[in-house]
Amino acid sequence: MAVAEEKDLQQLKNRLIELADKAYSRNIYTYTPFLGLAEQQAFYAVEREVSYAGCAMEGGAPQCERKIIRFGNPGYEEAYPIARLEILPKTPKFAQTLTHRDFLGAVMNLGIERDVVGDIFIKGQGAMLFCHENIADYIIENLDQVKHTNVKCARAQGETVLETVEPERVSVTVASPRADGLIAKVYHLSRQESQELFRMGRIFINGIATENVSHQLKEGDAVTVRGFGKFLFYGQSGVSKKGKDRMEIGIFGRL
């Protein structure tokens, strides 16, 4: 991991400790901005140290990866400052096919910071956006176009219903369920290139960063490779004619 990234994570650890101290001493809730998987590692590193304050994580829906951490246990319940916004084309007939990147780019073009925006899920021709409550009205008032498609944005009503995206199920043959070998096979990389991703801090197994290239994957593990995508490891399904293990993989966002 780069020195600059290590410095940023250390600063984040210090900030988390400050928020925990504030929540405990004032008997209130305190909140972080939305944190991505890499930033969440700072919390896991100090989790035991700040556990006295009480801590929990929420992204707005079970499928969310970007999450807000809340500190405090003041004896009353308080909603997380997370708003759900629905973005829909004004004229569905003429709407473009829009991607996650398109929606995120349009939101970022409003001049807001990434840490106030949570996950974005494609929903039909539109999208469901999770964001910090403080920025919700600004997005509603100003987000009127995604690429060349005119859109309308409003607070989502009712329960959060997200489409279940099924991964592409494929079989791969590898010598063993070692993480570096499977990642290399799935994303068409050399073993050296795969191992470099570990050293760069871009590999997350079940949401936890790992630099252990020889980590043995277990059935049900979710592997996120920043910049490439995510896959599920279903386990071994047999042995190839050359004696290699045949593994079943479910790939999301294949590039």
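The largest nonpolar core has 23 residues, and those with the most contacts inside it are Leu85, Leu129, Ile139 and Leu143. By nonpolar core I mean a set of buried Ala, Val, Leu, Ile, Met, Phe, Trp, Tyr and Cys residues joined through side-chain atoms within 4.5 Å. Buried means under 20% relative accessible area, exposed means over 50%, and partly exposed is in between, with a 1.4 Å probe and protein chains only.

At least two residues of this core come from each of β4 (82-89), α3 (100-108), β5 (117-123), β6 (126-132), α4 (133-142) and β8 (149-155). The largest share, four residues, is supplied by α3. Helices (H or I, at least four residues) and strands (E, at least two) are DSSP runs, numbered from the N terminus.

Before I go on, the ground rules. This is a predicted model, in which local features need pLDDT of at least 70 and side-chain atom pairs count only at pLDDT 80 or more, while totals for chains, interfaces and linings use all residues. Residues are numbered from 1 along each chain as its sequence is written, and side-chain values use heavy atoms, with hydrogens and water left out.

What is Ile139 in contact with, leaving aside its neighbours within four places in sequence? The partners are Leu85, Val107, Leu110, Ile112, Leu129, Cys131 and Cys153, where contact means heavy atoms within 4.5 Å. There is also a second, separate core, of 22 residues, which includes Leu189, Ile203, Ile205 and Met247.

Now the helices that line these regions. In α4, the buried residues are Ile135, Ala136 and Ile139. They lie on the same side of α4, because they cover an arc of only 125 degrees around the axis. That arc is taken from the directions from the helix axis to the C-beta atoms. As a reminder, an α-helix has 3.6 residues a turn, so residues three or four places apart point the same way. The face of α4 turned away from the buried side carries the exposed residues Asn134 and Glu141. The cover over the buried residues of α4 includes β4, α3, β6 and β8.

For α3, the buried residues are Asp102, Phe103, Leu104, Ala106 and Val107. These pack against β4, β5, β6, α4 and β7.

Next is α6, residues 191-199, where Ser194, Leu197 and Phe198 are buried. Their arc around the axis is only 105 degrees, which puts them on the same side of α6. Among the elements that cover them are α5 (179-186), β10 and β12 (222-225). After α6 comes Gly201, with a positive phi near 75 degrees.

Two residues other than glycine also have positive phi. Lys147 has a phi of about 55 degrees and is found in the loop between β7 (145-146) and β8. Its relative accessible area is 47%, so Lys147 counts as partly exposed. Asn206 has a phi near 55 degrees and is placed in the loop between β10 (203-205) and β11 (208-209). Asn206 is partly exposed because its relative accessible area is 45%.

Two more residues, for sequence separation against distance. Lys13 is found in helix α1, residues 3-26, and at 24% relative accessibility counts as partly exposed. Lys13 and Tyr44 are 31 residues apart along the chain, and their C-alpha atoms are separated by 9.4 Å. Not counting residues up to four places away in sequence, Lys13 touches Ala42, Ala45 and Val46.

Leu232 lies in strand β13, residues 229-239, and is partly exposed at 21% relative accessibility. From Leu232 to Met200 the separation is 32 residues in sequence and 21 Å in space, C-alpha to C-alpha. Beyond residues up to four places away in sequence, Leu232 touches Pro167, Asp221, Ala222, Glu248, Ile249, Gly250 and Phe252.

Last, the whole chain. How many helices and strands does the chain have? Six helices and 14 strands. The C-alpha trace spans about 60 × 55 × 35 Å along its principal axes, and buried residues make up 44% of the 255 residues. Among contacts between residues at least 6 apart in sequence, 61% join residues at least 24 apart.

That is all I have; questions are welcome.
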